[in-house]
Amino acid sequence: MRPDGGRRTTAGTNSDHASEHHGRTPPNEDDTPDRRKHAEDDTTSAASAHAGGERRERAEDDTTSAASAHAGRERRERAEDDTTSAASAHAGRERREYAEDDTTSAASAHAGRERRERAEDDTTSVASAHAGGERREYAEGDTTRAPLRTPEATDAPKDQQPAGTPRAPARADDPAPQPQDAQAQSRQRRGLSLAVYLTSATLIRSASGGAPVALVALTLARPGHGGAALGGVLAALLTLPNVAGPWMARWLEEARDPRFRLAAAFTVFGLMLAATGLTLGRLPVVLVGLLVIVGGLCDPLMTGGLSSRLALIVGEDTRAQRRAEGWDSATYGSSNILGPAAVAAITALTGALTAVVVLGAAGVLAGLLMLALPKEHRTAAARQRSMPVRDALTVIVRKGPLRRVMIATMITSVSTGGVMVIAVVLGRNLQGSAGAGAALGAAYGVGNLCGALLTGAFPLTGEPERWVLRLIAANAVAVGLCALAPGYVLALVTFALAGATSAILFTASLAVRSVYSPPNARAQVFVTMAGLKMAAGSAGTALAGTLAGIGPRLALCLNAVVVASAVTVALTDLRLTRRRSSAADPGDMQSPAA
């Protein structure tokens, strides 16, 4: 292209030709047509050259425009590709998000359907089995997934799913779904275990309750072998080893499976009791006494030691524990009736030796039943954490609810231990016969059993320490009513009421032990508190015999005052503990008993 842009005008062309003509000789006339022709040719050539220049310029412009257009198209195509890629990436993210939402929605929808289906009937649908397979695949890291579905298809109800939605086939190895009645089966197993426990407890406690009566009856049946005095000594030796209760309880705590030690203890008691009956009069009295002492060492495990395992049998449900504690309390009341009654019946039929052997066999059977209870495997670390006896006693003293209930029940037991003695005297005064007094004692026992059964049917709820204090007050009122009963019939009713409140009180005290006992000293707390309660009851029995001379009604009034003082002592302890709350053990404030 020229510097002037490749454009040559007609004027420029003509001026060049004119300058050429100025240097020539002027033509003649005949040359005029030729000149005109040449001028026209020149004009035509100039026009053609100009047209060619313009065509070249247009071609170059077209080439530039085409290149620009092509570059523009490329840019637009790249922009469109970028837009398409961004849209595709965004769509991919949305699809993944939808897929995740689909999975979550499907799982939630399926869980809701599964719960509704389980609530309506116990049958299992194919969908629940498929969901179980999917959950297991996700848990095991399976890379296979069900095809993704759109939110609309996922959120639609089952009967409105699109026809083309794929469904994952059910796997042959999918586990069978858990039945709805799994909890019912668990409750049934625990109920069966509780029935075995109660049967074993009734047998061994009946043997323990009837053993003193049987030993006295046996010595009386064999003249020349000590008589009633020896029988009393043997009965005392049977209860004396209860002072070793805390150490026996620790021995139980250190067991890998306490069932075996409880079974061994019950079996040993039964064998020693039977051996005492069979060797009395054949071996020296000292050896017979040693047999009784060995059997008596097992006695703490029949009461508090056995009750300490109850919560482990019935589970963690509080209501179930309170109900089971009511039934457990009933075994104490029924055993105090069944044991002596069985001894009396068997002695009348076949003799005292048979009664002693039968009680021993009941102990062995109770031990065998313990093996039918659920296993309780305790680790070596748990066994090593078993609290020493001294530390366990410190826990009872320092933990407020345990301390207050222990003191209150010991005071109340002084009254309970003397009620039976006073009942005999009062009945004879009211009716003129010793049988009437025995009937009052029987009414107390029947009321005790009914109260225990009542707590088994309607378990206590709420704070157990508060229940203990309320029931102590109720028992004080019932004992006072016994003193004020104007006639024999009302005396029967009031003694039955006193027995019922005493049984419910005992159930509440078991609940306090269960709630506030440390796991590594549970048996020791149960056995220690039971032993102290029994000691207080024995003291009450001796004291009642002394006070009988002042009159049964006055003695019952004093008993009512003693029981009421237990509430005062407990409330005073609670107030002092709250005043020292900043420095007291945290366990002291666990129970708002006031």
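Helices α15 and α16 are roughly perpendicular to each other (a word used for angles of 65 to 115 degrees), in what is a predicted model. Their packing angle is about 85°, and their axes lie 5 Å apart. Here axes are lines fitted to C-alpha atoms, for helices over the stretch in contact, with angles from 0 to 180 degrees between N-to-C directions.

**The α15 and α16 pair**
- Helix α15 covers residues 389-398 and helix α16 covers residues 400-431, with helices taken as DSSP runs of H or I, at least four residues, numbered from the N terminus.
- V395, I396, V397 and R398 of α15 touch G400, L402, R403 and M406 of α16, where contact means heavy atoms within 4.5 Å.
- This contact is made up of 5 nonpolar, 1 polar and 2 charged residues (nonpolar: Ala, Val, Leu, Ile, Met, Phe, Trp, Tyr, Cys and Pro; charged: Asp, Glu, Lys and Arg; polar: the others, Gly among them).

**The α18 and α19 pair**
- Helix α18 (residues 464-484) packs on helix α19 (residues 488-516) at about 165°, with axes 8 Å apart.
- α18 and α19 are therefore roughly antiparallel, the word for angles over 145 degrees.
- Their contact comprises 19 nonpolar, 5 polar and 1 charged residues.

**Confidence and conventions**
- Mean pLDDT, the predictor's confidence in each residue from 0 to 100, is 74, and 65% of residues reach 70 or more.
- Residues 1-33 stay under 50 in pLDDT, with 14 contacts beyond four places in sequence.
- Residues are numbered from 1 along each chain as its sequence is written, and side-chain values use heavy atoms, without hydrogens and water.
- Local features need pLDDT of at least 70 and side-chain atom pairs count only at 80 or more, while totals for chains, interfaces and linings use all residues.

Methods
Helices (H or I, at least four residues) and strands (E, at least two) are DSSP runs, numbered from the N terminus. Angles under 35 degrees count as roughly parallel, over 145 as roughly antiparallel, 65 to 115 as roughly perpendicular and the rest as oblique.
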